[in-house]
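I opened my notebook today to look up charged side chains that pair with each other. Come along and keep the structure in view as you read.

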Amino acid sequence: IIINVVQHVFASEDYYNILGVSRSATTEQIRKAFRKLAIRHHPDKNKDNPEQAKQIFAKMANAYEVLIDPEKRKIYDMYGEEGIKKPQQEWGGNNFEGMFSHFFGGGQGGFRFHHGQGDFHNFGEQNEDFHRRRNIFEGKEINVLNMETISKFYLRQEVWYVYFYKPQDEKHLQVAEILIQLSTKAVNIFKIGVLDCQEQEELCEDFAVYGTPQVLLYKQNSNEEPITLKDNFNVDQMYDMAGKYMLDFVEIVNGETYEEFMNRYPLQCKVLYFTNTEGTPLLIKLMSSEYRGYLHFGLVRSNEALITKHFEVTAYPSL
């Protein structure tokens, strides 16, 4: 009988192996393992093969729902997968679409994780300063990242700053104030995200962030490693730095290149930006990227007398 039970249990793929935990794992260890795997196999993070990510998630969800339930886990340990009479019944049989969309925020209310109630959590519930530190970004032009909103980052098309923090960090309020000021300048130009590593520990680990506070800059449309900001940065420095890593499709137009610029891409409208300063404004860079293929942007310096005279430009900047 014992031999038959053992064969029964291991006849199909082992649920413990799917989640990467031992057979003696605690409920919290199972929950944590599932959260990590769910982040790793998020379909928006696996753009090359989202269907495969869904299939992997379905396996994980099946294993998780059984092992997280003490009664189902006991039956599984004794009789294996076939011992679970109606797996995933509350999610609609073997169709995991409901659980998948629910887990990633697409269902009614979204999936909620349960966190252990350590001393600091209890302290936070009773302490107004802690709540102020945790909720300082509410109502701001800042993306609060969690399991339900992380898709915004995975599908990014812009430069992103991501701030990793814990509410009790000594410099948290100082950094937060800089980011809030920066967010008013960054609207529609680049994005700012914040991640509470106390509440979203698994997400921070997925970003390979193990110390806080920390600010990383992620380049536009790039899978390159992020840039870590050093101490003592300010709003203007962060704004300028973001501009350096934005895609720029603005051409420098002068007397020698003017005719070529105007005749190239005959189906596209031409936009000329006249300036008497160095560099290209972030908004012009953004527009050149957003409207690429429709508008062709050129930048003309104030010392290009023939072009400025031809367009009767007398004030800078002019568009």
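**Notebook: salt bridges**

I started with the side chains of Glu65 and Lys72, which meet in a salt bridge at 3.4 Å, N to O. The model I am reading is a predicted one.

Next I looked up how accessible the two partners are. Glu65 has a relative accessible area of 7%, so I noted it as buried, under the 20% cut-off. Lys72 comes out as partly exposed, with 22%.

How many salt bridges does a search of the whole structure find? I got 16.

Then I turned to Glu199 and Arg134, whose side chains also form a salt bridge, with 3.4 Å from N to O. I checked where they sit, and this pair links distant parts of the chain, 65 residues apart. Glu199 lies in the loop between strand E3 (191-196) and helix H11 (201-206), while Arg134 belongs to helix H8 (residues 128-134). Is Arg134 buried or exposed? I found it buried, at 18% relative accessibility.

Arg35 is buried, with a relative accessible area of 3%. I wrote down Glu28 as partly exposed, at 36% relative accessibility.

Terms used: Residues numbered from 1 in each chain as written. Predicted model: local features only at pLDDT ≥ 70, side-chain atom pairs only at ≥ 80, totals over all residues. Heavy atoms only, no water. Salt bridge = Lys/Arg side-chain N within 4 Å of Asp/Glu carboxyl O. Buried < 20%, exposed > 50% of the residue type's maximum accessible area, 1.4 Å probe, protein only. Helix = DSSP H or I, 4+ residues; strand = E, 2+ residues; numbered from the N terminus.
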